[in-house]
Amino acid sequence: MRWCSEAISVSGAHALAPASLLCNTSSVFQFQKSFLKLKFNNTFSSSSLTHRKPLAAQAQASIPRDDFDFVVVNFYHFVFIKDPQEEVAKHLSFLELEGLDIHGRVYLNEQGINAQYSGPSKDALAYVNWIKEDDRFSSILIQISPSEIGHAFPTLKLRYKPSLVQFKGRISHLPLLDPSMRALPLTPSEWRDRLEAINKNDLQSKDYPNRNYILLDVRNGYEWDIGHFRGAQRPNVDCFRSTSFGLSQGETTSSDPLSNVDKENANILMYCTGGIRCDVYSTILRQHGFQNLYTLKGGVSHYIKNEGPAEWVGNLFVFDSRLSLPPPVYYPQATAEGGTTLVSGDGKFAKCYTCNAGVSELRHRNCANLDCNLLFLCCRKCVKDLRGCCCLTCTTATRLRPILNGDQRYRKWHTYRDLDLQGNIKISTSSPVLTTPQIHLK
């Protein structure tokens with residue numbers, strides 16, 4: 001599968017992912033040998049944008065840490081915004097006047113806001129605390145995770161966007177502002193109780209699985225490949241915009257967990273990274289007659305922070321430069337003595353795309369062939385033998401990028417294309433050892 005250009009607004013999802021941090025609470029994240037204590041402040045007055053300097057100073061005072069420790073912040077909220085273009089201008093003005101170092105994606109429209117961004121903790125929290133001053137956003141669930149690589153996004157995209165998440169036909173017509181049209185959110189503990197009961201029942205009667213409960217992964221297949229809830233079927237989807245579970249008319253397919261189910265009696269348990277994809281898709285399913293819909297509040301990231309990796313296998317895919325996060329990022333107790341990660345179920349489920357051997361490093365890479373760019377899992381032997389390519393054919397391509405090791409990632413495709421055209425980078429196809437300097441994603 002190739003990178004979906006949807007630039008998830010999240011998710012998990014976004015939205016997109018990381019550890020959740022509720023209002024009026026403190027959370028402790030471990031940064032190697034030091035600990036970071038993040039605290040949200042809800043005592044700000046509902047003053048206008050003129051009180052920006054005191055706000056930044058107050059946020060800074062509440063964080064006893066070095067300014068250069070970075071975090072990733074994720075949140076979304078469905079709420080009516082009368083003039084989203086004006087709202088975008090207000091956000092841009094605040095960031096500019098405060099001089100905040102923020103990179104990421106912040107999208108606003110008439111249906112609300114969807115944000116995933118990184119920055120020094122002082123700046124990141126100053127921004128979200130300012131947002132929470134607004135009564136429309138005071139109750140949003142904020143999710144925060146550490147970023148040891150610094151910025152997890154290359155630039156800032158803060159703008160109006162017709163759809164908060166990308167879906168075929170867009171979502172602006174959906175009644176997302178009506179909570180009754182979305183699935184019923186389950187707390188992490190409620191989700192765990194139901195999932196443990198379902199899996200226990202299915203393990204005792206494998207030939208007759210309980211069709212009254214269906215666990216639906218509303219993510220992409222490549223996300224499932226590095227981590228998922230036990231019992232969830234791998235979604236045959238490479239882009240959320242093309243998701244069609246339960247939408248076929250009378251057609252039964254093995255790739256659709258919702259095909260030919262009783263829409264009135266079946267209990268659909270939906271999950272994604274941060275929650276927004278489930279809220280959107282559950283609204284679509286509701287319009288197609290599904291009655292009993294449940295979502296995991298705050299997504300997988302919020303669940304792991306509260307319940308640990310119970311019933312979860314592997315890592316969590318995130319749509320930023322970190323790509324893959326192990327449970328201890330959210331739940332330090334998930335690391336046992338000796339540094340091993342505690343997971344439930346088979347920890348060797350991930351397979352190498354090339355040789356089908358077990359993969360211990362749950363992190364995707366892009367094919368070194370610039371014109372392929374396939375996103376895939378690969379064992380270290382195949383990375384070396386195929387020089388970072390996904391197959392033997394790609395090793396003979398005319399435009400190959402250098403092999404990247406470990407957590408390194410290629411920059412955007414166009415960066416290598418432009419550099420090649422300008423003669424600033426040597427693309428080699430013959431030598432197995434590439435001497436081109438390794439390029440890091442910023």
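How much space lies in the second largest cavity? I get about 40 Å³. Before going on, a note to myself: this is a predicted model, where local features need pLDDT of at least 70 and side-chain atom pairs count only at pLDDT 80 or more, while totals for chains, interfaces and linings use all residues. Residues are numbered from 1 along each chain as its sequence is written, and side-chain values use heavy atoms, with hydrogens and water left out.

**Cavities**

A cavity here is a set of points, on a 1 Å grid over the protein atoms alone, where a 1.4 Å probe fits but cannot get out; lining residues have an atom within 4 Å of a point. Volume is the space filled by probe spheres set on the points, which are joined across faces, edges and corners.

I looked up the lining of the second largest cavity and found Leu215, Leu216, Asp217, Gln233, Arg234, Pro235, Phe245, Ser255 and Pro257. By class that makes five nonpolar, two polar and two charged residues (Ala, Val, Leu, Ile, Met, Phe, Trp, Tyr, Cys and Pro are nonpolar; Asp, Glu, Lys and Arg are charged; the others, Gly among them, are polar).

The largest cavity comes out at about 60 Å³. Its lining includes Leu323, His364, Arg365 and Tyr410, and the class tally is three nonpolar, three polar and two charged.

**Cysteines**

I searched for disulfides (cysteine sulfur pairs within 2.5 Å) and got zero. For Cys352, the nearest cysteine sulfur belongs to Cys355, 3.7 Å away. Cys378 has its closest cysteine sulfur in Cys352, at 4.1 Å, so that pair is too far apart for a bond. I also checked burial (buried is under 20% relative accessible area, exposed over 50%, partly exposed in between, with a 1.4 Å probe and protein chains only). Cys352 is buried at 2%, and Cys378 is buried at 7%.

**Strand β12**

Strands are DSSP E runs of at least two residues and helices are H or I runs of at least four, numbered from the N terminus. β12 covers residues 267-271, and five of its five residues are buried. Asn267, Leu269 and Tyr271 point one way, Ile268 and Met270 the other.

Asn267 is the bridge partner of Tyr213 and stands opposite Asn292 in β13.

Conventions. 1 Å grid on protein atoms, 1.4 Å probe; cavity = no way out; pocket = protein on both sides within 12 Å on 5 of 7 lines; lining within 4 Å. Pairing = 2+ DSSP bridges.
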